[in-house]
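Let's take a walk through this structure together, with an eye on charged side chains and on how helices pass one another. Keep the viewer open as you read.

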Amino acid sequence: MFGVSTLSNASGEEPAENLLKLWYAQPAVRWMESVPVGNGRIGAMVFGGTDTARIALNESTVWSGESSDRHLNPGTRPHMQKIRTALFEGRYEEAMKLCQKYMVGFKRNYGSHLPMGDLLLQFNSPGTDVKDYRRELDLDEAVARVEYAIGERRYKTEVLCSNPDDVLVIRLSSDKPGDLSFEVGMNGGDKPFEVRAEAPATLVMTGKAFEKNHSNGKTGVAFRGQIKALPTGGQLVAEVNSLKITNADAVLLLVAINTNYLGRDAAALCRTQLDAAAKKTYEQLRDSHVTDHRRLFRRVTLDLGATDAAKLPTDKRLELLKSGGADPQLATLFFQYGRYLMIAGSRENSPLPLNLQGIWNDNLACNMGWTCDFHMDINTQQNYWPSESCNLTECHEPLFKLIESLREPGAKTARDAYDCNGWVCHVFTNAWGSTAPGWGLGWGIHVTGGTWLASHMWDHYEFTGDKEFLAKRAYPTLKGSAEFFLDYMVEDPKTHWLVTGPASSPENAYRSPDGKVCTESMGPTCDVVLVRDLFEHCLEASKTLNTDADFRAKLEAAVKKLPPFQIGKNGQLQEWLQDYEEAIPNHRHMTHLISLYPSDQITPHKTPDLAKAARVSMERRTERPDWEDVEWSRGNLINFYARLLDGEAAHNSLLLLLTKLSDKNLMTVSVAGIAGAPENIFAIDGNTSAANGIAEMLLQSQDGEISLLPALPKAWPTGKVTGLKARGGHELDIAWKDGKVTEANSHPMFDGMCKIRAAIPIQITKGGAMIETSTPESGVVAFTAEKGGIYRIVAKPK
């Protein structure tokens, strides 16, 4: 059994052997081989070339498009009742035509996030005799590093993206004085841009985020990238559009990137950031960056054991895993990589949250029909699943700011489109606050997208117990959404249930009784799940805050009229109100299973029959040879199976995500041939949902109780995790051996009742003294926890 000291959170401690590195024995050739750094706003991908070193640059507000109130279809409001009547009466084909004509929105200048450009370093030293090459990303330091030798000379480059100093920092050095000679250039890609040198030591790139796939090619932010070169020794010459450095001992490059998004002065910001950073040494910049990163990163540690495979380069480890080799430490690395990407991409001071590609952009997603934006039918939600469970609650803040910013435009959409109070947002939004339906059937009319996103505010409250956040931010936002649905929902004339609609179950389709392929319906199951959670969260919040008694009464009445879950003729959980035949039985979206995760309306303990039906739904899809398996759908399955307490199936999905849906840099991909993708395209949601799924395999806290190792696979028989978070304000450390918990410590953030579900009898002590417990049901132990205490949980002696 582990002692208390071995279970203490390792925050601030130096690992005995740092295995938390991605590393490679060659430079990156493709974008998906390069490694990411970021500070929550600026992102960079490090390729590590020896002749030409490319660093792909991104900034989260480099968006095309513009703010517009012309996305909404003016025909929605006058034709809503006609469409609903057609659906209720079974005139499906007519309803689809009416939805297409009067409900889908208009694209206009919607826009997309775009890559900013490239920073290029052209070296004078020939790279033909390179040896001892190593390129790595140190997750514990958040530093990318390239080292190699040419002849007897050794070269080293370190790249970091500092949140405290808000600049990208690049330091190049050689072990031979006066040996560094290279040219610094920039390239803005296919956007309008200009590069010019400003003496004595500055290179500037300015441009416009214009493109014609998602806007008219004339709208978007103006951006500015500015590099200040600070060589030690040697000479620096400003050419027309580059900087030339010769015979330097070392060189520090400081890179500032800004835009005029929402009226910002990009030039002034670049100047201020560079002037401040230039007053510091590289060591000072690096130390403050590493300290800032570790404050978040080291909150959670995970040890699943390691084999000799952990010593191999990361791409070779993936090859070994694909051939059937064991590498449990790669799961640890992948888990911490998901957390790393969240820290690098989303910070409290980020102007925007993680988009489809985080803050890194490969110039592929933005050229797809689906844009590089904030998808609200699964992707943006998955981006932030690990923020609370994986102890990165501050990283949630940019999402909260986005949600709050949607309330005003969403209220206009609610009034103009539906004649309803409250606010609404549909399938996606952009940097400009669009809340209208999308411009296509089957996905555009996803009326609960904003509600789903806003549920993250309730999650934050459940994990932190922050009543001020609940009162001032979460409850007003959730209440506004609930007000909309109280006005918007109608009674089904046959069942008298309250239903949404017309609405899609994204992005799926069904066959009407007469065989027609249809997409919109009344009361799809995903809407029922989201509205039920919304109403019940508002009920609990209003009671906690002792407010809105009349509003609470309306919600209580409405909850009673929501449709129940239904099991279809094939034993599956129904995706729609009727037991329709699936038109696309291999479809990747299973949005009705949000009832299993992230909601807890279906659980094996509480609703075993529905849990079984949910599994049938999953396996009817996944067992098909043509199943549309992409990064986020596989991430879903890790979490779904964890909630079904099936560790083997969850682990198998994790392995499939790693071996089939991740590239050499461990970034997950939406694969070619699905959803219109001509080639594999990076999407961050697979990384983040997998990190959360691993946490769910080790710790769950839904339905008012905490479960230790609920879905532990046989591949991880012995291990230890510290710092995971549970609802109710608990931070948990868990150790296990031979598949069984040997000891756990709970650190409550506030006073309250704690319930632990355990497979064996347990006892709980605080400071060596036994704690009085109760057993509200079989397998559950309850005790009163006090803020600041450390509660030790062990097996009860026989």
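In this predicted model, Glu-786 and Lys-766 join their side chains in a salt bridge, with 3.1 Å from N to O. The two partners come from distant parts of the chain, 20 residues apart: Glu-786 sits in the loop between β38 (780-785) and β39 (791-795), while Lys-766 belongs to strand β35 (residues 762-766). Is this pair buried or exposed? Glu-786 has a relative accessible area of 44%, so this residue is partly exposed. Lys-766, at 29% relative accessibility, also counts as partly exposed.

As a general point, side chains of opposite charge can pair when their charged atoms come close. One example to look up is Glu-394 with Arg-299, whose closest N and O atoms are 2.6 Å apart. Glu-394 lies in the loop between α9 (386-389) and α10 (397-405), and Arg-299 in the loop between α5 (282-297) and β17 (301-303), so this bridge ties together parts that are 95 residues apart in sequence. Both Glu-394 and Arg-299 are buried.

Now turn to Asp-327 and Arg-317, another salt bridge, where the closest N and O atoms are 2.8 Å apart. Asp-327 is found in the loop between α6 (314-322) and α7 (328-345), and Arg-317 is in helix α6 itself, so the parts tied together here are 10 residues apart in sequence. Asp-327 counts as buried because its relative accessibility is 6%, under the 20% cut-off. For Arg-317 the relative accessible area is 1%, so this residue is buried as well.

A network of them links Lys-21, Arg-134, Glu-136, Asp-140, Glu-141, Arg-145, Lys-156, Glu-158, Arg-286, Arg-294 and Arg-298.

Let's go back to α6, the helix that holds Arg-317. The axes of α6 and helix α18 (residues 647-660) come within 9 Å and cross at roughly 125°. At that angle, α6 is oblique to α18. The crossing of α6 past α18 is left-handed. Which residues meet there? From α6 come Leu-318, Leu-321 and Lys-322, and from α18 come Leu-655, Leu-658 and Thr-659.

What is the nearest side chain of opposite charge to Arg-532? That side chain is Glu-536, 4.6 Å away. A salt bridge needs a nitrogen within 4 Å of a carboxyl oxygen, and Arg-532 has no salt bridge, yet is buried. Leaving aside residues up to four places away in sequence, Arg-532 touches Val-559, Leu-562, Pro-563 and Gln-601.

Methods. Residues numbered from 1 in each chain as written. Predicted model: local features only at pLDDT ≥ 70, side-chain atom pairs only at ≥ 80, totals over all residues. Heavy atoms only, no water. Buried < 20%, exposed > 50% of the residue type's maximum accessible area, 1.4 Å probe, protein only. Lys, Arg positive; Asp, Glu negative; His and termini not counted. Contact = heavy atoms within 4.5 Å. Helix = DSSP H or I, 4+ residues; strand = E, 2+ residues; numbered from the N terminus. Axes fitted to C-alpha atoms, helices over the stretch in contact; angles between N-to-C directions. Parallel < 35°, antiparallel > 145°, perpendicular 65-115°, else oblique. Left-handed = near helix turned anticlockwise from the far one by under 90°.
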